Amino acid sequence: MRFAKMKKDGEKIAALTAYDACFARLAADAGADVLLVGDSLGMVLQGRADTLAVTMREMIYHVRCVAAGAPGSFVVGDMPFASYQLSPQQAFANAAKLIAAGASMVKMEGGEELAETVRFVCERGVAVCAHAGLMPQRARKEGGYKVQGKTEESSAAVRRDARALCDAGAELMILELLPRALAAEVTAEIQTPTIGIGSGGECCGQVLVLHDMLGISGGKPKRFVRDFMQDAESVADAIGKYVAAVKSGEFPAAENSF
Ligand code: KIV
């Protein structure tokens with residue numbers, strides 16, 4: 001898997017969300033290594049407060065759009081809330097639909113408790129990106145989007161989660177909203193390449209929500225986001241600058257980390 005080699009070689013993985021053909025093409029042309037069709041589309045495109053109402057049908061539609069707009073790109077399809085938690089069998093059946101729509105890999109949020117499902121899906125030929133740390137599909141229950149792993153107990157839990165998901169066969173792992181030092185430790189401890197969002201620059205790569213890095217999401221600016229449109233001549237230029245900043249290690253800077 002090319003991301004394992006990138007981790008070994010110290011080459012940063014530049015990932016970006018994409019939800020439609022046009023932006024998928026721009027991101028692919030700019031050299032993004034991963035196009036993530038995230039269920040963040042529930043907030044960004046649908047204007048909802050969180051991601052919980054996004055359906056499989058919607059994810060299939062957007063994966064199709066992205067795969068058609070950027071043929072040959074590495075597309076990760078997000079498994080929406082309640083599409084994989086019931087059983088490993090349910091997860092595989094829905095993962096297969098995203099793969100049929102054009103995804104190269106599927107993403108699921110969860111920790112140790114999801115490891116059996118990840119293993120089941122991987123063993124049946126579907127590549128899995130795990131998602132640990134802050135899990136947006138649990139934010140409503142947990143009361144918001146907060147930095148995770150700040151206490152000894154919770155940082156030990158994140159490390160346990162990451163090890164279990166890696167052992168289960170996850171080939172990529174998103175680490176969301178973790179203290180920089182913890183994300184660095186997890187990245188060093190596991191074989192799976194890590195992609196950070198709000199988790200510092202020592203992860204193997206970075207991902208941002210496209211509309212956040214274009215400065216058009218609205219709302220309060222997030223510490224871990226940089227608005228790449230500010231010094232750019234066009235959307236394509238902004239995406240190019242984001243990819244270059246991730247590749248060089250210049251983004252995220254200390255001011256974007258916790
Ligand atoms: O849904 C999404 O876009 C994501 C990223 C924020 C990692 O999960």
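In what order do the eight strands close into a barrel, and is the pairing parallel or antiparallel? The order is 1-2-3-4-5-6-7-8, and the pairing is parallel. The model is predicted.

## Barrel

Strands of a sheet pair through backbone hydrogen bonds, either parallel or antiparallel. Here eight parallel strands close the barrel. Neighbouring strands of this sheet are turned by 25° against each other on average, with direction ignored.

Strand 2 covers residues 34-37 and strand 3 covers residues 75-78. Three bridges join this parallel pair. Within the pairing, Leu36 stands opposite Val76 of strand 3.

## Helices on the sheet

Helix 4 (residues 56-69) packs on the sheet and touches strand 2 and strand 3. The direction of helix 4 makes about 155° with that of strand 2.

Helix 11 (residues 235-248) lies across strand 1 (13-17) and strand 8 (205-208). Helix 11 runs at about 145° to strand 1.

## Asp39

Asp39 lies in the loop between strand 2 and helix 3 (41-44). Is Asp39 buried or exposed? Asp39 is buried, yet has no salt bridge. Lys107 is the nearest side chain of opposite charge, 5.2 Å away.

The side chain of Asp39 does make a polar contact with the side chain of Gln137, at 2.7 Å. Leaving aside neighbours within four places in sequence, Asp39 is in contact with several residues, among them Thr51, Val54, Met59 and Gln137. Asp78, Met79, Pro80 and Glu109 are also in contact with Asp39.

Conventions:
Residues are numbered from 1 along each chain as its sequence is written. This is a predicted model: local features need pLDDT of at least 70, side-chain atom pairs count only at pLDDT 80 or more; totals for chains, interfaces and linings use all residues. Side-chain values use heavy atoms; hydrogens and water are left out. Two strands pair if DSSP finds at least two bridges between them. Helices (H or I, at least four residues) and strands (E, at least two) are DSSP runs, numbered from the N terminus. Axes are lines fitted to C-alpha atoms, for helices over the stretch in contact, and angles run from 0 to 180 degrees between N-to-C directions. Contact means heavy atoms within 4.5 Å. Buried means under 20% relative accessible area, exposed over 50%, partly exposed in between (1.4 Å probe, protein chains only). Lys and Arg count as positive and Asp and Glu as negative; His and the chain ends are not counted. A salt bridge is a side-chain nitrogen of Lys or Arg within 4 Å of a carboxyl oxygen of Asp or Glu. A polar contact is a pair of N or O atoms within 3.5 Å; within protein, one must be able to donate a hydrogen and the other to accept it, and residues adjacent in sequence count only if both atoms are side-chain atoms.
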